[in-house]
Amino acid sequence: MICTRKELREWLQADHNAFGFKYPLLAKFSWSENGTMFAYVRNLRYLEYYTNKAQKPWDRLFRLWHFIKWRRMNLKHQLYIKPNCVGPGLHIVHHGYRRIDSVKSIGSNLTILPMVLIGKKTPDADIDKCTIGNNVYIGAGAVIMNPVNIGDNVIIGAGSVVTKDVPSNCIIAGNPAKIIRDLSNTSND
């Protein structure tokens, strides 16, 4: 959670590095796809900061401003990422529908493509049991139905439907998703 200005700067730097801007100033003023997606992530981080920090009277105004901006960007870009659930290094690739709210926590360095849904198997499913680890890549059109736990260093293939827990260091794909390749046993030959 982002509670201090220093943490905010560190998380924003990690997010900026995840986007890999070659010309960041040009991306900001040309309204490029990466520039608008990073603007969404930046506003999300400011909303998290003003939600978590010790509240002073003027902080409530800043939180309200970033909340309104976040809601407007959700509708404009067809995104919904719940505040305080994604770690630093978030990379949103391309415009398109994404809904990430039925999850307890997501680790650092998440890369997510369009048309991704993280939802519940049943209406009464417990969202506090769904976690996603560090260095996870979620392909286009993937559906993750919780409660599931996804380990670290996982690649989820496009169009996959994840309904069961996924161990660390693997590539999964299919409907229902199955382990295609185990990355922990690979060697650099």
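In which loop is His94 found? His94 is in the loop between β2 and β3 (98–100), where helices (H or I, at least four residues) and strands (E, at least two) are DSSP runs numbered from the N terminus.

**Before starting**

The model is predicted: local features need pLDDT of at least 70, side-chain atom pairs count only at pLDDT 80 or more, and totals for chains, interfaces and linings use all residues. Residues are numbered from 1 along each chain as its sequence is written, and side-chain values use heavy atoms, with hydrogens and water left out.

**Stop 1**

Keep His94 selected. Its phi is positive, about 65°, although His94 is not a glycine. With a relative accessibility of 39%, His94 counts as partly exposed; buried means under 20% relative accessible area, exposed over 50%, and partly exposed in between (1.4 Å probe, protein chains only).

Next, select Asn84, which lies in the loop between β1 (79–81) and β2 (91–92). Asn84 is also a residue other than glycine with a positive phi, near 65°. Its relative accessibility is 29%, so Asn84 counts as partly exposed.

**Stop 2**

Select residues 33–52, which make up helix α3. This helix of 20 residues reaches 29 Å from its first C-alpha to its last, close to the 28 Å expected at 1.5 Å a residue; the expected span is 1.5 Å times one less than the number of residues. Helix α3 is mostly covered, since 15 of its 20 residues are buried.

The crossing of α1 past α3 is right-handed; a crossing is right-handed if the near helix is turned clockwise from the far one by less than a right angle, and left-handed if anticlockwise.

Within α1, pick out Glu7. It is partly exposed, at 27% relative accessibility. A C-alpha to C-alpha line from Glu7 to Pro123 spans 35 Å, and the two are 116 residues apart in sequence.

**Stop 3: parallel strands**

Which strands form an open sheet, and in what order? Select the 3 strands β4, β7 and β10: the order is β4-β7-β10, and the pairing is parallel. Strands pair if DSSP finds at least two bridges between them. At the edges stand β4 (105–106) and β10 (149–150), each with a single partner strand, so one side of each is left without a neighbour in the sheet. Between β4 and β7 (residues 131–132) there are 2 bridges, and Ser105 stands opposite Thr131 of β7.

Now select β6 (residues 116–120) and β9 (residues 143–146), which run parallel and are joined by 4 bridges. Here Gly119 stands opposite Met145 in β9. Strand β9 also pairs in the parallel sense with β12 (residues 161–162), over 2 bridges; look for Val143 opposite Val161 in β12.

**Stop 4: two cis peptide bonds**

Select Asn146 and Pro147, which are joined by a cis peptide bond with omega about 15°. Pro147 lies in the loop between β9 and β10.

Move on to Asn175 and Pro176, where the peptide bond is cis with omega near -5°. Pro176 is in the loop between β13 and β14. That loop, between β13 (170–173) and β14 (178–182), also holds Ala177. Ala177 is partly exposed, with a relative accessible area of 26%.

**Stop 5: the cysteines**

How many disulfides are there? The count comes to 0 disulfides, a disulfide being a pair of cysteine sulfur atoms within 2.5 Å. Select Cys85 and Cys130: the sulfur of Cys130 is the closest cysteine sulfur to that of Cys85, but at 9.7 Å it is too far for a bond. Cys170 is in no disulfide either, as its nearest cysteine sulfur, that of Cys130, is 15 Å away. Cys85 is buried, with a relative accessible area of 3%, and Cys170 is buried at 1% relative accessibility.
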